[in-house]
Amino acid sequence: MLALEARTPLGPIALDVAIEVEPGRCLALAGPSGAGKTSVLRIAAGLLTPRDGRVTCAGRTWLDTATRTSLAPDERRCGYVFQEYALFPSMTAVQNVAYPLRGRDRRAKAHELLERFGVAHVAHARPATLSGGERQRVALARALARRPEALLLDEPLSALDARTRASAARTVKEILQEVEVPALLVTHDFAEAAELGDRVGVVDAGRIVQQGTASALAAEPQTSFVADFTGAVVLTGTARPAEAGLTAVDLDGGGSVLSTDVASGPVAVSVYPWEIAIEPAAGGGTPQNHLPARIATITVVGNRARIALSRPQPLVAEVTAASAERLALKPGDEVVATWKAAATRIVTR
């Protein structure tokens, strides 16, 4: 078990977090830049000492500010994969992996790790000549060389190009499933956190505002920040009781929507773009929410079309490219955005 508690000022924000990660599991901390995510990794690794805090792993105390206990980074037995991988440029791949090892057979062990990660063919190449995916695999091999008690990963996919990211993500996922140590990963991308983490903690201004499985966070965000971060459309308004046990939310700027959630007073509502359908302005359908809007932009990605709608508050729908083509949608068209009351979540502002 990796357990960490920390409270410390970080420039304009105050970090106040408490996490636990079980062996063989990965907790992904996700949030915007400057939220304090990397500082949590640095505290775990011994690269940053908080004002108040405690870190324990595998039954040992790595840090306890109350008793002035603080093991040096090289005493903590953690593998750290930095955002830019931090490979030694003057060393070959095999020398990088062998660096933290001891003993006469350390080079042989390094070769074994490179073989395991599918990069044995670049053993004698220097980092500058490697692709992004190869550098990532070498960095992971080096992080696991000492058989760490915890694995720390800082934005493991951010230094890769879009073409390499998918295969690199599979590699990281496979490794996280293989190693029987707690893993702590940070990212600014919720989709990446959902793919790599068993649990996700959403970090905002130094605090974990919600933690759970990615599907639970997406289905039931507890705040408008979490809803927005997980990719939902967030609209603000005032809630009041409506017929059939529903709640009506009168939106700021005009219009109203219905939700199966119960609330009253100032609220935010969230709905995911793929829950929203687009109908011609004169159309009518069975969904309970109908908001008139004008199409601002249409972006086609693969077989999906992301439609930005102009209203007093931003609204985005995601439909199939075939649907957009069938409806002959184009910027400037007046349309109606529709979705079900059951798809509308009410969250705190």
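Which residue forms a salt bridge with arginine 25? I will come to the partner in a moment, after a word on what we are looking at. This is a predicted model, in which local features need pLDDT of at least 70 and side-chain atom pairs count only at pLDDT 80 or more, while totals for chains, interfaces and linings use all residues. Residues are numbered from 1 along each chain as its sequence is written, and side-chain values use heavy atoms, with hydrogens and water left out.

Let me begin with the overall picture. The chain holds 9 helices and 21 strands, where helices (H or I, at least four residues) and strands (E, at least two) are DSSP runs numbered from the N terminus. Along its principal axes, the C-alpha trace spans about 80 × 50 × 30 Å. Of the 349 residues, 47% count as buried, and here buried means under 20% relative accessible area, exposed means over 50%, and partly exposed is what lies in between, with a 1.4 Å probe and protein chains only.

Now to the opening question: the partner of arginine 25 is aspartate 198, and the closest N and O atoms of this salt bridge are 3.9 Å apart. The two residues are 173 residues apart, with aspartate 198 in the loop between α6 (190-196) and β10 (199-204) and arginine 25 in the loop between β2 (13-21) and β3 (26-30). The term salt bridge stands for a side-chain nitrogen of Lys or Arg within 4 Å of a carboxyl oxygen of Asp or Glu, and by this rule the count comes to 13. Aspartate 198 is partly exposed, at 27% relative accessibility, and arginine 25 is partly exposed as well, at 41%.

A further salt bridge joins aspartate 261 and arginine 345, at 2.8 Å from N to O. Because aspartate 261 lies in the loop between β14 (256-259) and β15 (265-271) and arginine 345 lies in strand β21 (residues 345-347), this pair ties together parts that are 84 residues apart in sequence.

Arginine 304 and glutamate 318 form another, with their closest N and O atoms 3.2 Å apart. Arginine 304 belongs to strand β18 (residues 304-310) and glutamate 318 to strand β19 (residues 315-320), so that the pair ties together parts 14 residues apart in sequence. Arginine 304 is partly exposed at 38% relative accessibility, whereas glutamate 318 is buried at 16%. Salt bridges that share partners also bring in Arg306, so that Arg304, Arg306 and Glu318 make one network.

What about the cysteines? The structure holds 0 disulfides, a disulfide being a pair of cysteine sulfur atoms within 2.5 Å. For cysteine 26, the nearest cysteine sulfur is that of cysteine 57, 14 Å away.

Finally, please look at helix α1 (residues 37-45), which is mostly covered, since 7 of its 9 residues are buried. Among them are Lys37, Val40 and Leu41. As a general point, an α-helix has 3.6 residues a turn, so residues three or four places apart point the same way. Just after α1, glycine 46 takes a positive phi of about 90°.
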